[in-house]
Amino acid sequence: MAHTLTPDRLIFRVAISVPVYRLFDYLAPSNITLEDCKPGVRLEVPFGKGRKIAFLLEVTQHSELETSKLKQVLRILDDKPLLSAKDIRLLHWSSRYYHHPLGEVFSTAFPADLRQGKPIALTTEKCYSLTDLGKGLDSAELQRSPKQKNTLEKFQAHPTYLSEADLSAWNDNWRPAVKQLVSKQLLQLDLKPLKQTAPTTLLRNPALHCNPAQQLAIDTVSTNLGQFGVFLLEGVTGSGKTEVYLQIINAVLKRGQQVLVLVPEITLTPQLEERFKQRFAVNVGLFHSKLTDNQRQNAWLDMQRGDCSILLGTRSALFTPLQNPGLIILDEEHDSSFKQQEGFRFSARDIAVVRGKLLHIPVLLGSATPSLESLHNVDKQRYQLLHLPDRAGIAVAPTLQLMDIRNKRVQEGLSETLIQEIQKTLAKNEQVLLFLNRRGFAPTLICYSCGWVARCQRCDANLVIHFDKQSLRCHHCGQEQILIKTCPACKVDELMPLGLGTERIEKVLNERFNDKVIVRLDRDSTQRKGSLEDYLQQINQGNVDIILGTQMLSKGHHFPNVTLVAIIDVDSGLFSIDFHASEKMAQMIVQVSGRAGRAEKPGNVIMQTRQPEHPLLTTLIREGYRSFAKTVLAERKAASLPPFSYQALMRVQTSDNNNSTFFFQAVAILVQKLNTGQTQVLGPVSAPMARRAGLYRYQLLFQSNKRQELHILLNSLIPEIAKLKQAKKVRWSLDVDPVDLY
Ligand code: ADP
Ligand code: ZN
Ligand code: ZN
């Protein structure tokens, strides 16, 4: 398009990271050539009273505004775009699909410093090269020191230079010999800009010998490299999925291509990083929120330049540009952490698939408990299923059993039978894992005399008792107050905790098993940096007898010596008003079960329930996750729920209910005008939690049997809503394909 333009009176159409649904026009800077006008470069522009960073999207000669009213771009920040044309297309697609302002979507794709307009630092690295003396020396003269001889020969085979990274890839212990060669003036040290070389694909450790199911999965994906395809690798914990990833990654590296690996949780990155580094001698980059801005930017640029072969990260790593993309892997694809829940509410899984399609590369999704959407896509033959039915090596699958606790003696959540099972396991010197997905001591403080309940003043929620801190805390807005002893309503000292939290279970365990080491893992106990890692290490060294925790435990960690897993309250997932709850419950049960009996010792899983006949529970236990998924998918189909229909949820918050009333009235008029009748609009209704942090909350649900119809409506509706004056007085957001209806 640019070649039809002349450099005078050019107009730059740009995206700016502000919450508005339109682009901005600026006059191009003076004295530029068309060469300077590359979509995707960053710009600095005047905006309001200040300046902002903008992304150039289009160069044109026409603006809807009068040219005399346009301001001029201040600076062009990049010589060339940091994102490829395809990645820019991906951002456009994401903005359209999630109905989120393009400027904010662009911002999401960049690490903080670049987003704020900082120049790309030219990163240097330490490199060694031969001196003239070193070039001329016959290595045989170093006969007496085989390491130095070896090292000199390595350099003589690479006469330009070798970076520290190259040397580490070659030999973990290269430093002493290099140091000595430097002191003998055979080698010299220089700082060089990071190299743009293709990654070396040296294997550090050999691959394992795979079972036939693993081999089939590896071969299927490996023969599809260089083209788009989505593969769903379904395999229980311990079935060898990671080994499959490693061998496919090896095939990608051999082609000189890069791999993007996404995991749901930061805590899962160290163990995976370790396995990558043990296997491959290539650079492995990390990208997640616990790193510094600088570290993230370096990892991002390394991938962009092709200096790094594997990037391991969380959802936020999804948009990292790849110099030479080969494969995208999403591990634990069912995990709802892949969905961003605020701001730009995107699904990293779904965008990964779109990205794979744009880049013509395969996307590999792995899980022991695939999401119902992905299983549905397998049914529709959009994804190809790869199944690992057995545990790899010698480990056997755990047995699952329901423990009916109706009319049983239960002490603070633990039935006598369960306590006996715990004793038996401990007597064999094996570890026990107890799961309860609620932190704190108890979710309710109630007065036995008058029925008063401690409520949050700003939310429709009870305050949770935290005995450790002697406080009452709201888990929704964070409000905290001192734990009271006397009922404020009737002034009687009859306040009692009701319900169970991990602190409370910990207390009983300490009483019943006072000679055992008990570790509690939840958000409260692992707040200190590094504490989770410390606990995990203690557990794996066998210094812990009982591990108690929340969903933190259900994710990926390996506890080889655990042989008994108990789910203390399995019923809590059965009666939610959110239709996603039963799927999440089943995934949680299977994931937690997967922690047991990883090594040669078989595991046993006990679930305490008051609903032993519940069909979903019994299907899951007797027939497994797949049958369960089939049953739930049939229910969803009958009820026209996703994935058989498509939803978008509009959430509205306001401190004044009049404002929401006016807003919804205005929205209703727009909907009436724009809806073609193919999309149902349900609501507005109060959100399940009608008040939170002092704000009233409402929801409006859009649902259609045709994805396209839903988006046609939203395409015209959302920009109109954004322009409403009534929209300025409420906080509203749109969540496309919501995974959480709260
Ligand atoms: P997952 O990722 O499915 O939990 P892993 O790949 O971590 O499974 O494998 C679980 C364990 O089994 C690991 O200790 C791994 O080294 C081992 N393993 C995997 N594949 C094989 C194999 N083919 N032969 C022997 N051991 C294997
Ligand atoms: Zn009272
Ligand atoms: Zn609150």
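The mean positions of the 91 positive and 73 negative charges of the protein chain lie 3 Å apart. Here Lys and Arg count as positive and Asp and Glu as negative, leaving out His and the chain ends; each charge is placed at NZ of Lys, CZ of Arg, CG of Asp or CD of Glu.

Please keep in mind that this is a predicted model, where local features need pLDDT of at least 70, side-chain atom pairs count only at pLDDT 80 or more, and totals for chains, interfaces and linings use all residues. Residues are numbered from 1 along each chain as its sequence is written, chains are lettered from A and ligands numbered from 1 in the order written, and side-chain values use heavy atoms, without hydrogens and water.

Now to the fold. The protein chain has 21 helices and 32 strands, taken as DSSP runs numbered from the N terminus (helices: H or I, at least four residues; strands: E, at least two). Some overall values for the protein chain follow.

| Property | Value |
|---|---|
| Span of the C-alpha trace along its principal axes | about 90 × 80 × 50 Å |

Let's zoom in on one residue. T242 is found in helix α9, which covers residues 241–254. T242 is buried, at a relative accessible area of 16% (buried means under 20%, exposed over 50%, partly exposed in between; 1.4 Å probe, protein chains only). Leaving aside residues up to four places away in sequence, T242 touches L272 and R275, a contact being heavy atoms within 4.5 Å.
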